[in-house]
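User: Could you take a close look at one part of this model for me, the surface that faces one of the DNA strands? I'd also enjoy hearing how the rest of the picture connects to it.

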2 protein chains.
Amino acid sequence: MNIRENIRPGGRSARVQASVHKAVRELLSKMDRNEVTIPLIATEAGVTPSTIYRRWGDLQELLADVAVERLRPDAPPKDTGSARTDLEQWAEQYADEMASGPGRAMIRDVLSSVGADTRNAGKCCGYTREQVQVIAERAHDRGEAFPDVEAVIDEVVAPIMYRILFDDAPPTSAKVLSLVEGMFAGRS
Amino acid sequence: MNIRENIRPGGRSARVQASVHKAVRELLSKMDRNEVTIPLIATEAGVTPSTIYRRWGDLQELLADVAVERLRPDAPPKDTGSARTDLEQWAEQYADEMASGPGRAMIRDVLSSVGADTRNAGKCCGYTREQVQVIAERAHDRGEAFPDVEAVIDEVVAPIMYRILFDDAPPTSAKVLSLVEGMFAGRS
DNA sequence: TTTCTAAAAGCAAATTATTTGCGTTAGTGA
DNA sequence: TCACTAACGCAAATAATTTGCTTTTAGAAA
């Protein structure tokens with residue numbers, strides 16, 4: 001049950017989608033996530049449950065859909081003057097956001113949904129890659145050396161995410177900085 | 001709804017648990033995961049659904065419980081004569097197992113369950129850490145240099161897991177080897 | 001061993017969620 | 001404007017979940 005994104009985008013479907021997403025966000029902020037049900041969302045959104053079932057399939061898909069949207073960055077990484085500090089600040093903010101209660105919940109929602117397609121998780125990965133890419137391009141424009149984007153994902157993003165998902169202790173600020181440090185140590 | 005592991009371990013509870021786990025494994029091997037329901041599992045296991053609901057709470061918790069057990073390594077990493085090859089072979093096997101269809105499904109089950117407690121995902125992380133620890137101790141006994149276990153998690157385990165979870169492309173054998181390579185490059 | 005106790009299982013009724021068929025509404029393209 | 005059809009609403013049917021109560025059974029005490 002793939003969510004179509006470009007069928008009749010300007011009409012009722014779009015309004016229903018917006019209304020349902022809004023309802024989900026509001027309910028999640030008010031109550032525990034396993035008390036949120038589709039009939040509840042439907043009431044809050046002013047639609048019938050069957051509409052939601054037909055469009056999203058089940059609660060996990062819907063939560064994932066909402067989470068992906070919320071995980072999309074709303075601004076490019078701040079330009080701090082140097083690639084290293086750009087990356088430091090971006091990584092710290094990324095770690096903070098992802099390690100927060102809502103952040104973790106959204107990541108789990110996105111990962112849980114992957115029943116048939118990996119597209120949801122892939123999108124999030126794509127957002128991250130884009131952000132790092134922006135930093136890399138700025139570095140290039142300034143004439144600074146900057147590691148490969150994939151290396152940044154391996155050495156900075158992946159450890160942060162691994163510890164958020166699997167470990168009890170989210171990475172500290174110092175830890176994040178040391179990961180970035182390691183990134184710049186070997187090269188120049 | 002925590003699963004207790006040490007209450008009346010030798011009696012009926014244990015038989016029910018074993019029977020339910022077995023039913024889950026068999027059903028998952030026979031059919032698509034989102035066709036598996038608790039009433040189905042109950043029938044297959046020869047118990048009533050309410051027993052499962054009361055013990056595990058919901059399907060996700062049960063699937064996570066089963067997945068954690070299946071993710072527990074059944075043997076220590078193979079001793080290949082040197083720490084580097086130990087780590088190489090272990091990492092390749094780890095990547096293969098986790099990137100496989102069932103592997104990915106189990107990881108997702110474990111991560112999805114984390115409603116109240118992070119214990120499930122933490123356990124998996126713990127298994128991995130133990131395996132690496134074994135390799136590290138063997139290296140120490142042999143007098144070989146070996147990086148810190150946490151560094152191995154950051155630089156080898158985390159990138160593998162990140163790409164399995166978020167990327168479409170699971171890491172290739174060459175990629176895994178290059179991660180291990182990077183691990184040994186800077187030091188000793 | 002026998003008896004007592006309470007945790008866990010079974011059963012069935014009540015509730016709640018999900019699916020489905022069909023009629024209606026409202027964007028879209030001619 | 002009109003015809004077409006995807007998407008919605010409604011309501012009935014089905015399936016899953018919860019819950020109160022009874023029965024079973026492992027483990028402890030006599």
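Analyst: Happy to! By class, the surface near DNA strand D has 8 nonpolar, 8 polar and 9 charged residues. Here Ala, Val, Leu, Ile, Met, Phe, Trp, Tyr, Cys and Pro count as nonpolar, Asp, Glu, Lys and Arg as charged, and the others, Gly among them, as polar. In total, 25 residues surround DNA strand D, and the closest are V47(A), T51(A), G11(B), T37(B) and S50(B); a residue is near a strand if its C-beta atom, placed from the backbone, lies within 6 Å of it. Elements giving two or more residues to this surface are α1 (12-30) and α3 (49-56) of chain A, along with α2 (38-45) and α3 (49-56) of chain B. Helices (H or I, at least four residues) and strands (E, at least two) are DSSP runs, numbered from the N terminus.

A word on the model itself: it is predicted, so local features need pLDDT of at least 70 and side-chain atom pairs count only at pLDDT 80 or more, while totals for chains, interfaces and linings use all residues. Residues are numbered from 1 along each chain as its sequence is written, and chains are lettered from A and ligands numbered from 1 in the order in which they are written.

Now to where the two chains meet. Chain A and chain B each bring 23 residues to their contact, with two residues in contact if their C-beta atoms, placed from the backbone, lie within 7 Å. On the chain A side, α6 (101-113), α7 and α8 (149-166) each give two or more residues, and α8(A) has the largest share, 9 residues. That side has 12 nonpolar, 6 polar and 5 charged residues.

Helix α7 (residues 119-142) of chain A also packs against helix α5 (residues 83-99) of chain A, at an angle of about 165° and with axes 9 Å apart. Axes are lines fitted to C-alpha atoms, for helices over the stretch in contact, and angles run from 0 to 180 degrees between N-to-C directions. α5(A) and α7(A) are therefore roughly antiparallel, the word for angles over 145 degrees. In this pair, A83(A), D86(A), L87(A) and W90(A) of α5(A) meet Q131(A), I135(A), R138(A) and A139(A) of α7(A), giving 5 nonpolar, 1 polar and 2 charged residues.

Stepping back, chain A has 9 helices and 0 strands, and its C-alpha atoms fill a box of roughly 60 × 35 × 30 Å along the principal axes.

Key: Angles under 35 degrees count as roughly parallel, over 145 as roughly antiparallel, 65 to 115 as roughly perpendicular and the rest as oblique.
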